[in-house]
Amino acid sequence: MTTAAPDSQGHSAGHGHKIGFIGKYIFSRDHKIIGIQFLFSTLLWFLVGGLLALGIRWQVAWPWAEMPVIGKMLFSGQGGQISPEFYTLLFTMHATVMIFFVIIPILAGAFGNFLIPLMIGAEDMAFPTLNMLSYWFMWPAFACIIASFFVAGTSGAAKAGWTSYPPLSLTDNPVTGPKFAEHWHLVVSGQTLWLCGLAFVGVSSMMGSINYMTTIIQMRAPGMTMFRLPMTIWAMFITAILQAFALPVLTAATFMQLLDRTVGTGFFIPPHWSANNSIPTAGGGQPLLWQHLFWFYSHPAVYIMILPAMGMVSDMISCFSRKPLFGYKPMVYSIAGIAGLGFIVWGHHMFVSGMNPFLGMTFMVSTMMIALPSAIKVFNWLGTVWGGNIRFTTAMLFALSFVSMFIIGGLSGIFMAATPVDIYITDTYFIVAHFHYVLFSGTAMGVFGAIYFWYPKMFGRMMNEFWGKIHFLLTFIFLNGTFFTMHILGVAGFPRRYADAYHFDLFRPLQPLNAFMTYCAIGMVATQIIFALNFILSMFFGPRAPRNPWHANGLEWQAPSPPGHGNFDFQPVVYRGPYEYGSPEVDSDFYPQTQPPPESQRSAELDPDPSKAVPVH
């Protein structure tokens, strides 16, 4: 990277070439534009996933009641009621959208792309073209999932749950083998499109993970050692390693199930299997093999969905507490520990599959051990806040909410780690409560905080703090009203995945509680209108953001807002870690990574060599 004066377009002198609209904003190779493309795409899918969730909540609260407004349009054949088949479609596609099209791509795709080069002092990603392809490989996945809703006949979108367990995921497909060419339109069902979409998501994520690892290892600014990296970058780095090792397993399993559905292979088809009154097939495969392959990826995926949020929350809490991050190296090691243990605990999703009790005990103990590095993180976050000069910005409120919600979700996870307890609660709403406390009440709150925190750097404008705090308060209230009560349902044994559990007398008294949860869910989704308006209107009418509106220490805050092509208008040189708040070496309460120490500053005054000068912003 060479030092160069910025031109009038905010570009470095070495990057003065003209790029057309399509090259700059559509098929862009600039990591910042790609990150914003991921951000907008995932926020749109967030809306879709939220609407699907409301459909689920309506059916659970008032089964077989006519859905208002859209019931007659969507379910005219059922008198405006959600059919049992459509209910299974709703919870399958809600989870699929939220996991594979919202949480993973918004963390790794949006924030990973935007922040990694900026926070390590690089001009761009190591492989810009591969980076562009990582975004555009998501579009075939988008197309497959959207098309699956409109597949005619017996299909519709996938209905086998987001886990797609065989043989259930194979029963809607009576045509395989030699008949495929004649009846291909029956084979190309919603479930087949779901598998295709998942394969494209896997390829996209693999491209991103290779890029992130290479960029972080090879392209750090002078002075940026590994233990001067912000926690956000450490989290992204370890997440990329998780993706690189776990994704190939799921991608291979996805192709295996596709072959079972289309050409009649028998990877997951059991012997003498018959569905839809078809002739029994020879089979010979193992349905449980899919569960092992799926969870070998999907449990590390749980950490792929939360580790980046942990890193971003660490940066926000340190910044707004005006204190150094408590226990920086233990925080790094704890993230690595969580990721490492995540590879050896997939079997706890299969305690009821008939596994050997000794093997189950191994998975149980290793699962409980994850609580140790998780507790280190929680205590270090509390240690950072303790005694700090806390600034209760919107981003800080969301970050603190992440910590408190993660504690609840983590503690409920300890229940499920115990095999005897899990056998009782595995198919109840207790599991749903745990999953949503970790991934919505936890990760989504961290994502909201990150958007408010880095919005000035992305768009050069400030979001409205008043409406941001209203958004936080209402979201916090409604999400706890929705998800905390699920624990009560789960302890009572209320089953998940049932379109109507009230035909069991045991569960009829729980209907008012489900109705309360649905009202809260409607309020939570409606609250996001405040966020959407704040997000969109601030781009045009928000106050212009300075380079460092939060007085933070990271390299990204030394670049222009928003950064131009090449990111920096000077050569960043790093002198310290990112958490030097309240340092006695300087008068201000923050100490940017690029600011020379006082003795270096004095040397620069005595030796005014422009190549050694580092501007302080």
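Helix α2 (residues 31-61) and helix α4 (residues 84-120) pack with their axes 7 Å apart, at an angle of about 160°. That makes α2 roughly antiparallel to α4 (over 145 degrees; 65 to 115 is roughly perpendicular, under 35 roughly parallel, the rest oblique). Their crossing is left-handed. By class, this contact has 25 nonpolar, ten polar and one charged residues.

This is a predicted model: local features need pLDDT of at least 70, side-chain atom pairs count only at pLDDT 80 or more, and totals for chains, interfaces and linings use all residues. Residues are numbered from 1 along each chain, and side-chain values use heavy atoms, without hydrogens and water.

A second pair is α11 (residues 307-321) with α17 (residues 429-459).

| Helix pair | Axis distance | Angle |
|---|---|---|
| α2 and α4 | 7 Å | about 160° |
| α11 and α17 | within 9 Å | roughly 50° |

That angle makes α11 oblique to α17. α11 passes α17 in a left-handed crossing. In α11, A309, M312, V313, M316, C319 and F320 meet T443, G446, G449, A450, F453 and W454 of α17 (contact means heavy atoms within 4.5 Å). The contact residues divide into nine nonpolar, three polar and no charged; Gly counts as polar.

Helix α12 (residues 328-342) has 15 residues and should span 21 Å at 1.5 Å a residue; its end C-alpha atoms are 21 Å apart, which agrees. Its buried residues (under 20% relative accessible area, 1.4 Å probe) are Y328, M331, V332, S334, I335, I338, A339, L341 and G342. They pack against α9 (231-262), α10 (287-304), α11, α13 (357-369) and α14 (371-385).

Note on methods. Axes fitted to C-alpha atoms, helices over the stretch in contact; angles between N-to-C directions. Helix = DSSP H or I, 4+ residues; strand = E, 2+ residues; numbered from the N terminus. Left-handed = near helix turned anticlockwise from the far one by under 90°. Expected span 1.5 Å × (residues − 1). Buried < 20%, exposed > 50% of the residue type's maximum accessible area, 1.4 Å probe, protein only.
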